[in-house]
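Here's a quick briefing to read alongside the structure. Have a look at it first, then go through the points below.

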Amino acid sequence: MTQELSLWALVIGATIPVKMVMLILLGASVMSWVMIVQRGIYLRKASSELKEFENTFWSGVDLNRLFSDGGGRAKNLPEGRIGGVEGVFRAGFREFNRLNQQAGVDPEAIVEGTERAMRIALSREEEKLNTHLPFLASVASVSPYIGLFGTVWGIMQSFRGLAMVQQATLAVVAPGISEALIATAMGLFAAIPAVLAYNRFAANAEGLQSAYETFAEEFSSILHRRVHSSQSEA
Amino acid sequence: MDKWLSYSAGVCFSAVLHGVLLLVLIVGWQGEPELRKIVRPQYIEATLLEIKPKARPVPQTKAPIKPAQDRAEKQRKEQELKQQRIQEQARLEKKSRATAAKAKAAKDKAVKDKAAKDKAAKDKAAKDKVAKEKLAQQNKLREDQLLAAMDEEQAFLDSEEDAQLIGSYSSYINDRVSNNWSRPSSARRGMIVELAIQLVPTGRVVSVTIVKSSGNEAFDYSAERAVRKVDRFEKIAELAKQDLALFDREFRSFLLVFNPKDLRQ
């Protein structure tokens, strides 16, 4: 093994600080990949749900039925609540109905209350969309530095070893430097997917968020119209 | 439910990915160094090609010398054999004469015996003298031959060395001439003029004559003027100082083939 100088032998032969750096980077890489897959699944699901819900919403379905259907589905979910764009819709519609049933409520107040409820739901959705993204961002930005630290430390050690040797040959320093460079390689290995995933997921989350907001605006304008028409009828 | 599913999928994927990575690290992926080995022999071939032309002249140098040495040796052997034969003959003759003298002595007794003895002594002296002379001659001949062979070898080595020297000097001459040459407008590619140039040991040009015209007078004249303009070849002067014999042989008077594209002596 020492003759072949395989990568595994280098990892095993590394000094303790370098080993710790490698361990941290391995952990960061594992975690970031877990996040990447989880985020990928979540965001894909959220965008497909958005498309589906918007299709049904604008197909001219009765809003009361849509709400009650959603309520039936929500009971089967573990959280007991539907997320995504439908969650925004449900929060707004529930508040609207509650306020509308109370007598003598100002139509402006009804619309305002509905908007507030939807804003709360929106911010909750935003939070959900952006979970783990800061983690990916920090892995992306910090792990190259951690790797570099390991490398610098390893090279320092190998040069210190070189100072004690009478005849300095390349063979004395080369394994140490090679071993140290593994840390940088690992840092980059952790960082590159994290950077890519962060950029992609941040863009996706932003897009979804603006789609939710647009929907909320449109929905509130529909409710506004409905309040005023019912008020004028009455 | 959904959340856990997505998380567990993430954990599985991550674990598999890093497991594969570790496996690759442990097992390693070799095979690249073997590819490099195939490339190397080409370099070796290239170096071999360079050696070949150098190696070729060596047998050539030995070839002419060896026969000369062989010849010299053969001749020497033959002469030795001849000498031995002559000596033997002399001895035989001496013996026969001695026996004859004895017979005569038995017949003619003391008077004739003395005469015979004198004659034998005279004969012997004469024969010895002849043999000695011959031996000396042969020795001289052998020495001469040996010297000639050595001279020949030395001359060959010198000529090889000289050939390089001459080459470098002739290219120097070409450079000087072509640097001083001003191209006439009528000069065309492929025009060649041969100039006979005479130098003195100081490197100065004594005479320039056109031996073979290019067919274009202006071109011929421009070449001649270029040589005159050079006036003095400094390096040739240095050469003459070092090796006057070589200068006499090669540069005292020589032909310059003036070819604007490719100048050669």
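The second largest pocket is lined by 28 residues, and K94(B), R97(B), A120(B), D123(B) and K124(B) are the ones nearest its centre. Bear in mind that this is a predicted model, where local features need pLDDT of at least 70, side-chain atom pairs count only at pLDDT 80 or more, and totals for chains, interfaces and linings use all residues. Residues are numbered from 1 along each chain as its sequence is written, chains are lettered from A and ligands numbered from 1 in the order in which they are written, and side-chain values use heavy atoms, with hydrogens and water left out.

**Pocket**
- The second largest pocket holds about 760 Å³ of space.
- Its lining splits into 14 charged, 11 nonpolar and three polar residues.

**Helix α3(A)**
- L63(A), L66(A), F67(A), G70(A), G71(A) and A74(A) are the buried residues of α3(A) (under 20% relative accessible area, 1.4 Å probe, protein chains only).
- Looking down the axis of α3(A), those buried residues fall within an arc of 140 degrees, so they line one face of the helix (the arc is taken from the directions from the helix axis to the C-beta atoms).
- On the other side of α3(A), you'll find R65(A), K75(A) and N76(A) exposed (over 50%).

**Strands in chain B**
- β1(B), residues 193-199, and β3(B) pair antiparallel over six bridges (pairing takes at least two DSSP bridges).
- I197(B) sits opposite F254(B) in β3(B).

Terms used. Helix = DSSP H or I, 4+ residues; strand = E, 2+ residues; numbered from the N terminus. 1 Å grid on protein atoms, 1.4 Å probe; cavity = no way out; pocket = protein on both sides within 12 Å on 5 of 7 lines; lining within 4 Å. Points joined across faces, edges and corners; volume = space filled by probe spheres on them. Nonpolar A, V, L, I, M, F, W, Y, C, P; charged D, E, K, R; others polar.
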